[in-house]
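The following dialogue is a tutorial on reading the features of a protein structure. Please keep the structure in view while reading.

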Amino acid sequence: MKLRLSIMAIVAISVLMKLNAQEISDTSFGKGLINFVAKDSSFSVKFAPRFQVRSISSWDYDGNQYGSAEHNFIVRRARLKFDGFAYSPKLKYKLELGLSNRDVAGANEYNKNTPRYILDAVIMWNFAGNWELWAGQTKLPGNVERVVSSANLQFVNRSLLNSRFNIDRDLGIQIRHKTNLGKDFLMREKFAISQGEGRNVTEGNEGGLQYTARLEFLPFGTFKSKGDYVQSDLKREAKPKLMLGFTYNYNQDAVRERGFAGDYMFTTEDESKNGPLFETNQTTIFADAMFKYNGFSFMGEYAKRTADDVIATEADGTPTGDIVLTGNALNLQAGYLFKSNYEIAARFTTLDYEKETGALPTTQYTLGASKYIVGHKLKVQSDLSYTTLDGNENNITFRLGFDIHF
């Protein structure tokens, strides 16, 4: 017994000594908290946690004067990201988990009423030449603003166009390919077949599948460090760089108000909401552009969603109260990064919904200022937005926040 206790004590002391010993790593801030490659090069893993904290102050205008301010402090995002390769550098993976309230919200009967921790769980296999097969849950090849990571934004958050019309994450497969059309001219083709109801659905597939196709054209060659999917020209492109993208998305027999998201559209209005689901085909198209040159950046997007039936109805044609959010939107934003790594930016967004939705047309003007301490990995951002609903109801919102990404 004494011998066993002595051995346990020695082991405990050894562990504590190792924990207290200072270790020097060859990694640096922003390159991942852990970067590990197996000795036989059979796999690698990079672990990079990150979080965003922000404060929000908002004033509504009632036609005579602005009301008292509403203030809110939130941890907008808190995430654990793992990526690397498995078995071969041609077989990559990404796993991203969300821990904030916004990341795990959205529980319903189709995901067993549980938190939705998993954001990405995808493998990417370069099986031949310029061909890649993606399988799992990740972002669909939709509008450029949505595919840009929330860690790499020019403003405190994405635009109203994105929040109302994007097609987000889904579970399925994707085929990706790139073609050289000339000396510098590059074309990228992306195709996806997915479940059509968004992330973390566990109770089978309701309605039909979702089909997405995207073409991207880069006439002046590739951006530095994949800068076509990073907002702000942090790399200060020495030559003009441009990406033009076009996306077509068809969600067959969609059962949610925005295809991948929103309320499920039930055809039986009762307290239990347990009737059959209303199904309608939804189509979303995007046209977008990203341009960068010598500290100047510009991004423009157009989105349009249509549906075979905008208003959900019972079998006898009686409206249920659920409505597909259809219409179109335009978002334009530009910024200039000074050599001091301060940036000023401006954004203009309009939303124009179809009459049947009952939603009011919206216009928003946003001014932003950012300080990039270590690029997007450590930054402080603020923006001020003026929003009008149908030209009558007005709102002013100020946001201030910071990002830290190991």
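**Reading the core, the surface and the charges**

Q: Which residues make up the largest nonpolar core?

A: A nonpolar core is a set of buried Ala, Val, Leu, Ile, Met, Phe, Trp, Tyr and Cys residues joined through side-chain atoms within 4.5 Å. Here the largest nonpolar core has 12 residues in all: Leu-140, Leu-160, Leu-161, Phe-165, Ile-167, Ala-192, Phe-286, Ala-303, Leu-325, Ala-329, Leu-351 and Tyr-353. At least two residues of this core come from helix H4 (160-165), and at least two from strand E16 (342-353). Helix H4 gives the largest share, 3 residues. In soluble globular proteins, nonpolar side chains tend to be buried together.

Q: On what basis are such features listed, and what do the element names stand for?

A: This is a predicted model, in which local features need pLDDT of at least 70 and side-chain atom pairs count only at pLDDT 80 or more, while totals for chains, interfaces and linings use all residues. Residues are numbered from 1 along each chain as its sequence is written, and side-chain values use heavy atoms, with hydrogens and water left out. Helices (H or I, at least four residues) and strands (E, at least two) are DSSP runs, numbered from the N terminus.

Q: Which residues form a nonpolar patch on the surface?

A: Patches are made of residues with over 30% relative accessible area and no salt bridge; like charges are joined within 9 Å, and nonpolar side chains (Val, Leu, Ile, Met, Phe, Trp, Tyr) within 5 Å. Accessible areas come from the Shrake-Rupley method with a 1.4 Å probe, and for residues only the protein chains shown count as cover. In this model, Phe-29, Phe-51, Val-75, Ile-373, Val-374, Val-380, Leu-384, Phe-398, Leu-400 and Phe-402 form a nonpolar patch, with about 790 Å² of accessible area together. Strand E17 (362-374), E18 and E19 each contribute at least two residues to the nonpolar patch, and the largest share, 3 residues, belongs to E19.

Q: Which residues gather in a patch of negative charge on the surface?

A: Lys and Arg count as positive and Asp and Glu as negative, whereas His and the chain ends are not counted. The place of a charge is taken as NZ of Lys, CZ of Arg, CG of Asp or CD of Glu. Here Asp-60, Glu-70, Asp-390 and Glu-393 gather in a negative patch on the surface. Among them, Asp-390 lies in the loop between strand E18 (378-389) and strand E19 (393-405), and its relative accessible area of 41% makes Asp-390 partly exposed.

Q: How many salt bridges does a search of the whole structure find?

A: A salt bridge is a side-chain nitrogen of Lys or Arg within 4 Å of a carboxyl oxygen of Asp or Glu. The search finds 14 salt bridges. One of them joins the side chains of Glu-96 and Arg-50 (3.5 Å, N to O). Glu-96 lies in strand E4 (residues 88-98) and Arg-50 in strand E2, so this pair ties together parts that are 46 residues apart in sequence. Both Glu-96 and Arg-50 are buried.

A second pair is Arg-169 and Asp-120 (3.0 Å, N to O). This pair links distant parts of the chain, with Arg-169 in strand E7 (residues 169-180) and Asp-120 in strand E5 (residues 118-128), 49 residues apart. Arg-169 and Asp-120 are both buried. A network of salt bridges links Arg-50, Arg-79, Lys-94, Glu-96, Asp-103, Asp-120 and Arg-169.

Q: What is the phi of Tyr-87, and where does the residue lie?

A: Most residues other than glycine have a negative phi, and most peptide bonds are trans. Tyr-87 has a positive phi, near 75 degrees, and is not a glycine. Tyr-87 lies in the loop between strand E3 (70-86) and E4, and counts as exposed because its relative accessibility is 72%.

Terms used. Buried < 20%, exposed > 50% of the residue type's maximum accessible area, 1.4 Å probe, protein only.
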